[in-house]
Amino acid sequence: MPGISLRVNGAVHVVDVDPETPLLYVLGDELHLRGPKFGCGLGQCGACTVLLNGSAVRSCITPVGSVNRQEIVTLEGLGTPEKPHPIQQAFIDEEAAQCGFCLSGVMLTAKAFLDQHPKASEVEIRHALAGVLCRCFVHTRMFKAIQRYARTRQA
Amino acid sequence: MTSGLSRRDFLTRSGALVVSFSMAPLLEPLALAQGPFDTHQSHIDPANLDSWIAVGADGIVTAYTGKCDFGQGMYTAQTQLIAEELCVAIDRVRLIQCDTSVTPDQGTTSGSQSTPTNFNTSGLAQAAATAREALINLAAQRLRVPANLLTAANGSISAKGGRRIRYGELVAGKKFKLKIDPKAKRRPAGEWTVLGKPVPPLDIEALVMGRFEFVHNVHVSGMLHGRVVRPPAVGATVVSVDEGSVRGISGLVKVVVRKNFVGVVAEKQTQAIDAAAGLKVVWTPGAGLPAQQGFYDYIRKQPSRDVLMIDSQDIEQKLAQAVTVLKATYCHPYQAHGSIGASCAVADVRADKATVWSATQSAYPTRQCVATLVGLPVDDVRVIFVRGSGCYGLNGADTVSLDAALLSQAIHRPVRVQLSRADEMAWGENYGAACVIDQRAGVDATGTIVAWDCEPWSVSFGGRPGYDRPGNVVTGMLAGYEPHLVSPQAASQPTGALENGNNAVPSYVTGCIGSNCNGAGRIRGERVLTHSVKSPFFTGPLRSPLRLQNTFAHECFMDELGAHAKADPVEYRLRHLRDQRLIDVVKGAAKAAKWDARPSPKSNRRRGEVASGRGIACVAYEGDNGYGALIAEVEVDLAAGHVQVKRFTVAHDCGPISNPAGLRNQIEGGLLQGMSRALGEEVTWDDRKATSTDWNTYHSLPLGIEVPVIECELINQSDVTATGAGETAITLVAAAIGNAIFDATGVRLRQIPFTAAPVKEALDAIS
């Protein structure tokens, strides 16, 4: 079986797995990435979210074979501790986390949406987050952080 | 083990006195632990200062705590505490949490007890105060200056005139070899420079960078993947397992069966998933479940274990003399912890020792349960806490740790077990208890309450495993260990003093047992008789266990009584309260919310399509472990029955605040989690099993909702003991919303959750 070539956070990895394997398990078990998390395995909560060519996708229900050679970015690929991505800086500034397990879903869903819709209204942003869960209910701070990021994009 | 590198580096950076991370400490003779955790043997004696604090030659202070962080901010707050008491900058502190090879046994991190235990004059705080005084005494000897003329600051001890000596020089890589001094003085709250300040969460950068190591991210060399196969029905037991049914699955290593515990181990996670799904297991049909429709009546017909919390012995007489007697019954469903991450653990069980990486709230109790399950001496088992997703109580973290231990034991290799969403929600966690609470009260001609009689019924089965009950969670039960069962028993007259840990006793009664009156209120006619009955599902301490359910019933019923008296809900509460701190939060919330003082419901209500209203609730959490009052402002869509909370205003008193920013985060999260529980969350079942097993069937409010404005009024009291703060706010939400709905519409809802359908039904019934 020829390997599958994955472009993750700017690096190329060739993995030898069943193409039906959900992308999440490859990212976590094979590449030891920590950003995307197993929440439900059903595409219902968002914890496993990654960016695929700039769009938010749920890696727990995305077969790895379907993303061959495409650009994948996980939460750890956005920025570095020295130079955080603006949405990461916004979440730091708003202290917008408790357990932090949901952050890939919250941050990457918001980032992908705002990158594609930079002038989105508050209602439109909420609509984009309708399928994302945070069970610590840090909703207030997270929404402030997302709006802060939206402003940096417009500035 | 790749994941362990950062942890190990973290430890070796922290100085010469840090306990070596080999298994060597486990081989030393046991010392019987003394003091507050003396029920179990631990090689780490909490009476010794060296069990808690080490100062490296580089001046780095390492602290060992048995209270760990799940996202509630305890890592940051405890680091602040150490920095404050040791007078060092916060980046000079290394905190090691909940690892049975190096931290003291502080039982379980739960019940809003971390702050009372570790931030007053015991536990970590007292150890830190002892260490600071010890360092000053060492400096006094070295500098030949009396200790009372020395000051500690920035990791040094200074004398007047500029002579100073650094901590690292003082201890020079040695242990303190001192006992914790119960007389060591905490630094006064008025002088705090680190504790009490809004220090940002120390983990936030790692979290938002995706670099934080959760237990789900632990990788151990040679690790395999396990999944479990749970019974398809409550009470079902294994008849047969057909291993041949999965023989064709590549990578399958083993099918593991132990009594009714069934699991599979494979090389890769997807192979384990396939094997768990494909394995043919014949189960007995199970016990059957009582119908969900009518379940609250069912509860009241079960044999019960009764406790008379309080009894003035004149309740019937006082009710008979009352001008009016009101009665109401409140119902609260089972609710799920519903952690965002289905639980995960890694175990490496060998013939002579075992290591478990676990997100449990109970490192030492889990160590004991693992030892029991795998048949090893407890000292040969090490449990290392690695944070999981927020747990809010007894989620699947404990049971999956036992799953991993059983699977690893069967193959003598490390195994990572990831529960599926359905494993977690149908079986993996112990639900918050369903309750039905009967209230009766009598009022005099002025509407003032003269007698309050309450009978809360709650369900119970299993619970925290503790040190000796692995059967209290599903894995232990399946492996053959008995869960804790309610044993029916009649109540006897209360003695001693009221302990209102479950808030079964309303705040408005005197709580008198003999001459001991521990209640927060003024009502002298009082009786509270609690009933606990067997639950068909496992139950456990979901955030604010029973306190939330009881407070919902008490605070709504108080509102009903106030409405009957045509009194303003705030004034009516104050009329019956005695506890000054509770009075102060009620007044504080009312002032902050610009409370519209008038009776409920609104007289000009129900015009237009949307009705608005406000409601209040208050609680002395667990009787004396935090005080809060909450005002909810809601809008009710009269046509659809949809409830929208517009604003929460909370006044909160938890004594001296460790970190006001962290506290606000906890309060905000608690309020919105409480709102989700009040408006939508309910475990459902059919005649055999739970049916709320994913996020389509268990309804959690998503990020996309319109979030209410939240205003927190923090009352910071420095001259009292520090109380818990993580559960007070959530306790109030259902009651405050219910009271606000009543204010807006005149409809009294007595059953959680307030979804649109029952709200609409109730609205239609009165129109």
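These questions and answers walk through a predicted model with chains A and B.

Local features here need pLDDT of at least 70, side-chain atom pairs count only at pLDDT 80 or more, and totals for chains, interfaces and linings use all residues. Residues are numbered from 1 along each chain as its sequence is written, while chains are lettered from A and ligands numbered from 1 in the order in which they are written.

Q: What average pLDDT does chain B have?
A: pLDDT is the predictor's confidence in each residue, from 0 to 100. In chain B, 94% of the residues score at least 70. Over residues 1–40 of chain B, however, the pLDDT is below 50. The average for chain B is 93.

Q: Are H4(A) and H6(A) roughly parallel or roughly antiparallel?
A: Helices are DSSP runs of H or I with at least four residues, strands are runs of E with at least two, and both are numbered from the N terminus. The axes, lines fitted to C-alpha atoms over the stretch in contact, come within 11 Å and cross at roughly 30 degrees for H4 (103–116) and H6 (139–154) of chain A. Angles run from 0 to 180 degrees between N-to-C directions; under 35 counts as roughly parallel, over 145 as roughly antiparallel, 65 to 115 as roughly perpendicular and the rest as oblique. H4(A) and H6(A) are therefore roughly parallel.

Q: Which residues in H4(A) meet H6(A)?
A: Contact means that two C-beta atoms, placed from the backbone, lie within 7 Å. On the H6(A) side stand A:Met142, A:Ile146, A:Tyr149, A:Ala150 and A:Arg153. Their partners in H4(A) are A:Val106, A:Ala110 and A:Leu114.

Q: Which element gives the largest share of the side of chain A that touches chain B?
A: In this interface, 53 residues of chain A are in contact with 49 residues of chain B. Elements giving two or more residues to the chain A side include H1 (23–30) and H3 (86–93). The largest share, five residues, comes from H6(A).

Q: Which strands stand at the edges of the open sheet in chain B?
A: The seven strands have the order E9-E10-E7-E17-E14-E15-E16, with mixed pairing. Strands pair if DSSP finds at least two bridges between them. Each edge strand has a single partner, so one side of each is left without a neighbour in the sheet. The edge strands are E9 (252–258) and E16 (381–385).

Q: Which residue in E10(B) stands opposite B:Lys254?
A: E9(B) and E10(B) (261–266) run antiparallel. Six bridges join them. Opposite B:Lys254 stands B:Val265.
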